Amino acid sequence: MSSAVPLNVGITRSADSGVHASGEKRVLLAEPRGYCAGVDRAVETVEKALEKHGAPIYVRKEIVHNRHVVETLTERGVIFVDETDEVPEGALLVFSAHGVSPAVHESAAARNLRTIDATCPLVTKVHQEAKRFARDDYDILLIGHEGHEEVEGTAGEAPDHVQLVDGPESVDAVSVRDESKVIWLSQTTLSVDETMQTVARLREKFPHLQDPPSDDICYATQNRQVAVKAMAPECDLVIVVGSRNSSNSVRLVEVALGAGAKASYLVDFAREVDPAWLDGVRTVGITSGASVPEILVRGVIDLLAEHGFHDVQPVTTANETLVFALPRELRAARH
């Protein structure tokens with residue numbers, strides 16, 4: 001899935017933090033960054049569906065949380081909708097990478113929609129955990145952000161058993177039926193550190209709180225945060241490429257600041273970088289959220305080069321090799 005052994009991050013350090021040994025401007029480029037396996041699968045699912053069935057194809061919510069991806073697919077004939085009742089009866093509907101509740105599947109079936117499920121398999125795993133522990137009559141404490149599509153989909157698997165816990169400050173309001181049958185699950189795109197703070201608070205309140213059978217926070221989310229932590233102490237500025245509705249991208253800004261970056265900003269496109277951010281800056285870190293195509297990162301690198309940042313140095317903390325198969329409806333037939 002990813003390298004279990006920390007790799008040589010290879011940052012040329014100096015006594016004056018943030019300044020390259022030669023005193024020249026430089027870019028630290030986080031690796032891994034950008035597309036995770038689930039996003040890659042989801043975007044390819046829509047592209048293959050377009051090739052196979054032609055436009056229009058409907059997608060419930062954004063296929064992934066990235067403006068560029070959504071705008072590009074819209075130009076190719078994808079119609080993004082909020083709910084299934086906006087889709088003509090019998091049409092083709094793709095469910096986004098964030099997952100949907102059983103109620104959404106039911107409403108799609110009621111409209112005779114043909115559906116393709118592009119839910120990330122790691123999100124599906126959390127759904128299965130929610131169903132399993134609900135069957136065993138546990139109280140399930142779902143750590144996540146209220147209103148996020150992934151949280152709504154997971155909670156919808158067992159609405160009578162799931163309580164949302166939106167950060168450590170929400171713990172005081174949590175109550176359970178039986179303190180010996182309580183488990184926590186989480187949204188896959190959270191900050192590892194904040195999640196563990198919430199878990200620690202929950203465990204103070206419920207000492208018998210059980211952990212998930214396996215880690216819920218996505219490997220890619222964790223890897224991107226680790227890479228940012230490795231480079232942030234050296235950076236005057238960290239630019240995170242990603243959209244504002246992308247939970248994992250927003251978390252990267254928080255992680256960068258928490259790990260010692262002097263400043264950090266989230267941008268969708270290179271044109272959003274304010275030249276004033278670069279005043280007096282010698283070291284800029286760049287990373288991107290898990291739903292960001294690499295072309296957008298390259299745009300930021302090119303922009304920085306125009307401002308004298310020609311030295312681009314990778315900061316590699318893990319190797320990612322995981323690939324998910326496409327939904328069965330789109331897999332090539334075996335001969």
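Is Arg-224 buried or exposed? Arg-224 is buried, at 1% relative accessibility, where buried means under 20% relative accessible area, exposed over 50% and partly exposed in between (1.4 Å probe, protein chains only).

1. Basis. This is a predicted model, in which local features need pLDDT of at least 70 and side-chain atom pairs count only at pLDDT 80 or more, while totals for chains, interfaces and linings use all residues. Residues are numbered from 1 along each chain as its sequence is written, and side-chain values use heavy atoms, with hydrogens and water left out.

2. Four strands form an open sheet in the order 3-2-4-5, with parallel pairing. Strand 3 (78–81) and strand 5 (114–117) are the edges, each pairing on one side only. Strands are DSSP runs of E of at least two residues, helices runs of H or I of at least four, both numbered from the N terminus; two strands pair if DSSP finds at least two bridges between them. Strand 2 (residues 57–60) and strand 4 (residues 92–95) pair over 3 bridges, and Arg-60 stands opposite Phe-95 in strand 4.

3. Backbone exceptions. Most residues other than glycine have a negative phi, and most peptide bonds are trans. Two cis bonds deserve a check: Glu-31 to Pro-32, with omega near 5°, and Ala-55 to Pro-56, with omega about -5°. Pro-32 is in the loop between strand 1 (26–31) and helix 1 (37–53); Pro-56 is in the loop between helix 1 and strand 2. Lys-61 has a positive phi of about 65° and is buried at 16% relative accessibility.

4. Asp-137. Phi of Asp-137 is also positive, near 65°. Asp-137 forms a salt bridge with Arg-177, the closest N and O atoms being 3.1 Å apart; a salt bridge here is a side-chain nitrogen of Lys or Arg within 4 Å of a carboxyl oxygen of Asp or Glu. Arg-177 is exposed at 53% relative accessibility, whereas Asp-137 is partly exposed at 37%.

5. Other salt bridges. The count comes to 22. Arg-67 pairs with Glu-272 at 3.4 Å between the closest N and O atoms. Arg-67 lies in helix 2 and Glu-272 in the loop between strand 10 (264–267) and strand 11 (283–288), so this bridge ties together parts 205 residues apart in sequence. The buried Arg-224 forms a salt bridge with Glu-320, with closest N and O atoms 2.7 Å apart. Arg-224 is in helix 7 (residues 219–231) and Glu-320 in the segment after strand 12 (311–316), 96 residues apart. Shared partners join Arg-67, Glu-71, Arg-244, Asp-268 and Glu-272 into one salt-bridge network.
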